[in-house]
Amino acid sequence: MLTLDQYNFAGKKALMRVDFNVPLDKNTFEVTDFTRLNAHIRSIKKIISDGGSLILMSHLGRPKGGYEEKYSLKHIISSLKNILGQEVQFSSDCISDEAVNMAKNLKSGEILLLENLRFYAEEEKGNIDFAKKLASLGDVYVNDAFGTAHRAHASTAVMAQFFDTRVCGYVMQAELDNAKKVLETAEKPFTAIMGGAKISDKILIIERLLDKVDNLIIGGGMSYTFFKAMGGEIGSSLVEEDKLDLAKTLIEKAKNKGVNLLLPEDSIIADAFNNDANRKEADNTHIPSGWMGLDIGKKAAENFSKVIESSKTVLWNGPMGVFEMPNFAQGTSAVAKAVVSATEKGGFSLIGGGDSAAAVNQLGFGDKVSYVSTGGGALLEYMEGKELPGVKALS
Ligand code: AMP
């Protein structure tokens, strides 16, 4: 796979898929979080400083297949200009004559942003004609949008076939390198921490990790299904009744493979799903009826932390409790601190997208861990061992 550093863009017109799916203020449409814009700056600057011109394409939100003001990428132009310190042209449609002309007239060093690709339903359908029209705008294809690499959309995969030169952007490369480092060359002891609401979303990755890790920590809502499967009383905690057998099987598999499976022995329980609910501590095998576990307890946090802190490789996906509510965020925060401590001791830590990334950033630990993935679903699928269409299209 060709990387950005292996290609000189001088005199070339690069068409780069990025992930500018940023949150906007509901009323003013101003960008409220710049992480995703900042992420692509290195790739953009490399192409421009080589003397290339650049056409940027992205989706924003989930439009229904036509123009919607709240999903227009025009709202991000001023932020992008500020971050880049240069002009950014904008085409109000991604494949119109206007787009074609603007792309044609683009000079070396100039940047053109196309309107939201998903204003065309053809984008998500992976429509070949749409992909071909988009492809006609540039002469080199670059994909830097790892977060959508698990989708075979027109811009993420299908259009690649119309280019002789296909290049992997810095974000995409970093995501793949870090995921590979954990999956293929992890230094031991290797600890995976899985949390969040559901086991069903994470079965495949848990099964794959059982072949690789020394310790598997399971916290968050999904842990109660394990306690119920072992005959515990879990009150009204989150449970997936149809996954009880699976939970038993996973416990058995961990044992057979010599993996140290750690479940939280205690919880902070509440009498309602509410930050201000009454709360107390309880053993996870005896949660009274009418009460639910919303965070791991102190003993669990201590045990988990000990194991994490002595690990050389840590992979973390999913919070230990309902961390969005401050009264149930302690467990997630304790685990985050332990991950930081493992990193400070020279370990490698990968935070896998979504809620765990949000938790780490919220605590201000974003730069105290080795890598925070922007991938979410794409990272999970990659770690499950699936081939990502966006990655395949580059090779
Ligand atoms: P996921 O998308 O599966 O990683 O789940 C993340 C969500 O799980 C977050 O919104 C958490 O609030 C939620 N969550 C974590 N622990 C619990 C719990 N014990 N009970 C209910 N929801 C939880």
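**Figure 1. The largest cavity of the predicted model.** A cavity is a set of points on a 1 Å grid over the protein atoms alone where a 1.4 Å probe fits but cannot get out, and lining residues have an atom within 4 Å of a point. The structure holds one cavity of 30 Å³ or more. The lining of the largest cavity consists of Asp19, Arg36, Ala39, His40, Asp144, Ala145, Phe146, Gly147, Val171 and Thr374. By class, this lining has four nonpolar, three polar and three charged residues; Ala, Val, Leu, Ile, Met, Phe, Trp, Tyr, Cys and Pro count as nonpolar, Asp, Glu, Lys and Arg as charged, and the others, Gly among them, as polar. The model is predicted, so that local features need pLDDT of at least 70 and side-chain atom pairs count only at pLDDT 80 or more, while totals for chains, interfaces and linings use all residues. Residues are numbered from 1 along each chain as its sequence is written, and side-chain values use heavy atoms, with hydrogens and water left out.

**Figure 2. The largest pocket, between domain 1 and domain 2.** The largest pocket holds about 690 Å³ of space; a pocket is an open set of grid points with protein on both sides within 12 Å along at least five of seven lines. Its lining numbers 22 residues, and those nearest the centre are Thr35, Arg36, Val372, Ser373 and Thr374. Two or more lining residues come from each of α1 (35-39), α2 (41-50), α7 (170-184), α13 (354-362) and β18 (371-372). Helices (H or I, at least four residues) and strands (E, at least two) are DSSP runs, numbered from the N terminus. Of the residues in the lining of the largest pocket, 10 are nonpolar, nine polar and three charged. Because domain 1 (2-173) and domain 2 (186-383) both contribute to the lining, the largest pocket lies between them. Arg36 and Thr374, which are among the residues nearest the centre of the largest pocket, also line the largest cavity.

Figure 3. About 530 Å³ of space lies in the second largest pocket. The lining comprises 32 residues, with Gly196, Ala197, Lys198, Pro319 and Asp355 closest to the centre. Strand β15 (292-296), helix α13 and helix α14 (377-383) each give two or more residues to this lining. By class, the lining of the second largest pocket has 10 nonpolar, 16 polar and six charged residues.

**Figure 4. The antiparallel sheet containing β15.** Three strands, in the order β13-β12-β15, form an open sheet with antiparallel pairing; two strands pair if DSSP finds at least two bridges between them. Strands β13 (279-283) and β15 are the edge strands, each pairing on one side only. From one strand to the next, the twist averages 45°. Four bridges link β12 (residues 266-270) to β15 in the antiparallel sense, and Ile269 has Gly293 of β15 as its bridge partner. Helix α11 (residues 298-309) lies across β12, β13 and β15 and runs at about 35° to β15. Axes are lines fitted to C-alpha atoms, for helices over the stretch in contact (heavy atoms within 4.5 Å), and angles run from 0 to 180 degrees between N-to-C directions.

**Figure 5. The parallel sheet and the loop that holds Phe29.** Seven strands form an open sheet in the order β1-β7-β6-β2-β3-β5-β4, with parallel pairing. At the edges are β1 (2-3) and β4 (89-91), each of which pairs on one side only. Strands β2 (residues 13-17) and β3 (residues 53-57) run parallel and are joined by five bridges; Leu15 stands opposite Ile55 in β3. The loop between β2 and α1 contains Phe29, a residue other than glycine with a positive phi, near 60°.

**Figure 6. The two domains and the cis peptide bond at Pro189.** The chain is assigned domain 1 (2-173) and domain 2 (186-383), with bounds from an automatic or database domain assignment. The C-alpha centres of domain 1 and domain 2 lie 36 Å apart. Five residues from domain 1 and seven residues from domain 2 take part in the contact. Lys188 and Pro189 are joined by a cis peptide bond, for which omega is about 0°. Pro189 is located in the loop between α7 and β8 (190-194).

Methods
Points joined across faces, edges and corners; volume = space filled by probe spheres on them.
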